[in-house]
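Please report on selected local features of the structure below.

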Amino acid sequence: MQKIAQVIVDVPLLQTDKPYSYFVPTELSELISAGERVHVPFGKGGRLVQGIVVGLTNKIPEDVNDFKEIAELIDVEPVLSEELLALADDMRHKVFSYKISILKAMLPNLLNSKYDKILTQQDGTTERWTSLSDEQKLAAMKDFRAGKLEIRYVAESKENKKTEKYIIPDWTALEAYEPNKTAKKRIEFKEILLETDRKLAMADAVKIASRPIVNYFAEKGLLKIEEVEVSRMAKAFADVEADAAKPLNSEQQLAFDQIMTNSEEKPFLLEGVTGSGKTEIYLQVIAETLALGKTAIMLVPEISLTSQIARRFIARFGNEVALMHSGLSDGERYDEWRRIKAGGAKIVVGTRSAVFAPLDNIGVIIIDEAHDSSYKQESSPRYHARDVALWRAKYHQARLIFGSATPALETRARAQKGLYQLLRLEHRANPDAQLPTVEIVDMRHHLSDKSANFSENLLVKISEKLKKREQIVLLLNRRGYSSFVMCRDCGFVVKCPNCDVGLTLHMDTRTLNCHYCGHREAIPQVCPNCHSRNIRYFGSGTQKVEEELLQLFPEVSVIRMDVDTTSRKGAHDKLLNSFGRGEADILLGTQMIAKGLDFPDVTLVGVINGDTGLNLPDFRASERTFQLLTQVAGRSGRAEKHGDVLIQTFNPDHYAIQLAAKMDYEAFYMTEMGFRRKLAYPPYYYTVQLVISHRNEDTVIKKAYEIMTLLRENLTEKSRILGPIPRPVARTHQLYHYQILIKYRFEDRLEATLNAVLDMTQLPENHELRVIIDSDPMSFV
């Protein structure tokens with residue numbers, strides 16, 4: 001009996017957000033499985049698109065005459081397991097993204113198909129649509145309508161494997177071979193091949209002889225040339241010295257024992273001060289897990305952390321480790337994904353998307369720096385790695401560990417209620433390393449005559465540490481040279497033409513850049529408004545602070561880490577390794593340097609603008625400020641040398657800054673929870689944010705109120721609806737944005753109502769309307 005396949009097609013629209021039925025060709029009936037990719041004809045023109053099989057049945061429905069047949073089976077085995085298909089079903093009800101977007105988020109980019117059209121002329125010659133110029137495409141369209149050519153749609157998988165050529169000597173034939181006595185290079189090459197007992201890389205052989213000589217030996221049957229698949233990730237595992245488990249102190253041992261012996265299926269919250277040795281506990285828990293025949297996932301929030309953590313894991317576990325993060329090329333991610341799926345790696349270390357790693361029999365999932373907002377994806381599908389980890393841990397009955405010195409309030413509250421088991425590490429793992437001394441510098445009274453960015457206190461401390469040949473970390477939570485450019489005569493600020501934000505000055509490129517849409521323009525010499533030449537730069541970015549540092553301390557070496565200096569592949573590793581080798585005195589950067597970095601010679605951390613994020617219109621502003629300051633302060637004095645921290649601020653009495661200086665998480669937790677309770681924000685309430693966008697401001701206002709009405713008519717009185725109001729940055733990418741916030745504790749009608757909002761966006765009159773539904777949003781700015 002012919003099988004019917006249920007296929008989710010790669011057409012991300014609400015109308016196509018359901019499985020379509022296709023006949024399975026008889027020759028594929030024994031080969032096809034759920035979780036495999038296929039090419040199927042779709043739509044009136046029958047163009048081929050990629051799809052994913054989510055189910056198979058032998059039951060033939062009544063509308064069978066409408067069914068088409070699968071054109072091609074791409075895979076020889078499923079790329080998505082039953083577990084991941086079930087996870088996608090669950091996520092569809094929570095993240096309000098199309099099913100195909102969720103499924104594709106679980107796979108490396110090279111498993112997506114590329115599409116093209118094949119044009120066949122009347123004489124039988126063929127051309128690819130993508131190879132044509134715009135003029136040729138226009139001519140081809142006219143020929144098609146005139147019946148002079150045929151168009152056939154094709155879809156091809158983008159996956160590719162890296163190979164290298166090797167030569168395999170035939171030693172018996174080489175012994176018998178007698179080259180001409182005048183052919184000295186052939187004689188030398190023969191002798192070298194006879195002395196080797198292994199195959200040689202073609203690249204090495206060509207260096208020894210030459211390509212013509214290698215080809216000559218191959219033609220004579222003296223050697224064979226073969227292509228061997230190689231990993232694009234081999235260099236990540238090179239030059240890493242093996243490492244053995246370190247003795248645990250009493251606090252670490254207690255936490256380790258509780259994790260390994262507790263039979264309750266509760267996640268663990270490992271709350272430990274900076275430098276308390278959480279990573280060593282992770283390593284030893286994973287070692288025990290592997291000994292039980294199980295696998296492990298280790299998540300970190302930043303690419304910059306992946307390098308340091310990965311080296312520790314590779315040193316301990318070698319080739320059992322696979323890496324998955326956005327700093328890898330598509331080919332590297334594909335190689336690692338295949339190695340994991342084939343069982344070649346038992347431990348996956350990576351950023352957010354590594355939570356979907358195709359591991360079987362997972363024994364432990366660890367989320368380090370679990371408070372970090374980067375674990376929430378800010379584009380579709382808007383999932384939180386924490387929620388995916390909870391689901392997968394439950395599916396595998398695996399241990400789940402959230403680690404942080406400053407847990408998110410939602411996580412800490414769950415531990416308080418007994419939903420998670422709380423484990424504490426209150427001391428640094430190194431008995432000689434004490435928590436640093438923290439000083440708050442009130443910038444209202446300590447502005448320096450020498451500098452616009454550095455207080456006299458901080459300048460004195462920098463000088464002291466430089467004299468001792470110790471290293472310094474400086475945090476400035478703003479990239480670029482200056483915050484904005486303004487005319488001193490008329491007050492005109494140069495703004496982005498696409499967004500309601502001032503452009504940021506970048507002196508390295510001598511341009512004004514928009515950090516929202518990427519727009520760039522030249523620095524004006526005269527005011528565009530009043531034509532005055534009295535143009536001035538205001539604010540400070542990392543470039544400007546770096547320039548000022550070098551003026552104040554001409555002999556120092558500074559490494560700057562921000563989005564601009566780390567945009568190239570491998571830049572994070574290169575800069576951090578250089579600093580770790582002592583090749584720079586000062587590491588200056590944005591918040592990417594605040595977490596996880598461990599350099600024993602760093603004895604001073606200076607926070608240049610400690611209150612930058614405090615006044616943002618976001619209920620998490622105080623929490624984020626506390627976390628950032630506590631985390632960056634923890635980079636100081638992590639070894640035997642005592643550490644100092646100076647926090648410069650214009651709000652020295654704010655509780656987030658005061659408690660960060662004391663590193664008193666418990667006091668901050670109690671204080672902030674009081675505010676959250678009064679204002680009905682998480683963790684006391686759940687939130688859903690709707691962002692409505694359109695090119696026309698009047699249209700977006702009208703549609704936002706229509707959506708608000710729909711929400712009020714369908715949700716119960718248990719929900720609170722705030723808005724619509726303009727977004728804090730009300731226009732970006734030439735779109736106007738309004739937002740609505742839903743706050744609720746229990747709301748049975750939520751999913752159906754939000755799906756009704758999605759239905760509304762599919763009406764013809766709303767085709768230019770964009771609506772984002774974000775459950776548990778991490779940012780309101």
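Glu623 sits in helix α17. The model is predicted. Is Glu623 buried or exposed? Its relative accessible area is 3%, so Glu623 is buried, since the cut-off is under 20%. Leaving aside residues up to four places away in sequence, Glu623 touches Pro407, Ala408, Leu409, Phe668 and Arg676. With Arg676 there is a polar contact between the two side chains, at 2.8 Å. Ser131 is 492 residues from Glu623 along the chain, and their C-alpha atoms are separated by 53 Å.

**Helix packing around α19**

Helix α17 covers residues 621-633, and helix α19 covers residues 665-679. Their axes come within 11 Å and cross at roughly 170 degrees. An angle over 145 degrees counts as roughly antiparallel, so α17 and α19 are roughly antiparallel to each other. Ser622, Glu623 and Phe626 are the α17 residues in this contact. They meet Tyr665, Phe668, Glu672 and Arg676 of α19. By class, the contact has three nonpolar, one polar and three charged residues.

Helix α13 (residues 409-416) also packs with α19. The angle here is about 100 degrees, and the axes are 11 Å apart. That angle falls in the 65 to 115 range, so α13 is roughly perpendicular to α19. From α13, the contact takes in Leu409, Arg412, Ala413 and Gln416. From α19, it takes in Tyr665, Glu666, Phe668, Tyr669, Glu672, Met673 and Arg676. The class count is six nonpolar, one polar and four charged residues.

**The six-stranded sheet**

Which strands form the parallel open sheet, and in what order? Six strands take part, in the order β20-β30-β29-β21-β28-β27. The edges are β20 (437-442) and β27 (558-561), each pairing on one side only. From one strand to the next, the twist averages 15 degrees. Strand β28 (residues 586-589) runs parallel to β27, and four bridges join the two. Met561 has Gly589 in β28 as its bridge partner.

A helix packs on this sheet: α18, residues 655-662. Helix α18 touches β20 and β30 (644-649). The direction of α18 makes about 155 degrees with that of β20.

**The three-stranded sheet**

A further open sheet has three strands in the order β11-β10-β12. Its pairing is antiparallel. The edge strands are β11 (200-201) and β12 (223-229), and each pairs on one side only. Strand β10 (residues 163-169) and β11 are joined by two bridges. Helix α5 (residues 184-195) lies across β10, β11 and β12. It runs at about 90 degrees to β10. Strands of a sheet pair through backbone hydrogen bonds, either parallel or antiparallel.

**A buried glutamine**

Where is Gln50? It lies in strand β4 (residues 47-57). Gln50 has 4% relative accessibility and therefore counts as buried. Its side chain reaches the backbone oxygen of Leu111 at 3.2 Å.

Most residues other than glycine have a negative phi, and most peptide bonds are trans. The sites below depart from one or the other pattern.

| Site | Feature | Angle |
|---|---|---|
| Pro682 and Pro683 | cis peptide bond | omega about 10 degrees |
| Gly723 and Pro724 | cis peptide bond | omega about 10 degrees |
| Glu369 | positive phi, not a glycine | phi about 50 degrees |
| Gln734 | positive phi, not a glycine | phi about 65 degrees |

Pro683 is in the loop between α19 and β31 (686-694). Pro724, by contrast, is in strand β32 (residues 720-732). Glu369 lies in the loop between β17 (362-367) and α12 (385-396). With a relative accessible area of 6%, Glu369 is buried. Gln734 is in the loop between β32 and β33 (735-744).

Notes: Residues numbered from 1 in each chain as written. Predicted model: local features only at pLDDT ≥ 70, side-chain atom pairs only at ≥ 80, totals over all residues. Heavy atoms only, no water. Pairing = 2+ DSSP bridges. Axes fitted to C-alpha atoms, helices over the stretch in contact; angles between N-to-C directions. Contact = heavy atoms within 4.5 Å. Buried < 20%, exposed > 50% of the residue type's maximum accessible area, 1.4 Å probe, protein only. Polar contact = N/O pair within 3.5 Å; in protein donor to acceptor, adjacent residues only side chain to side chain. Parallel < 35°, antiparallel > 145°, perpendicular 65-115°, else oblique. Nonpolar A, V, L, I, M, F, W, Y, C, P; charged D, E, K, R; others polar.
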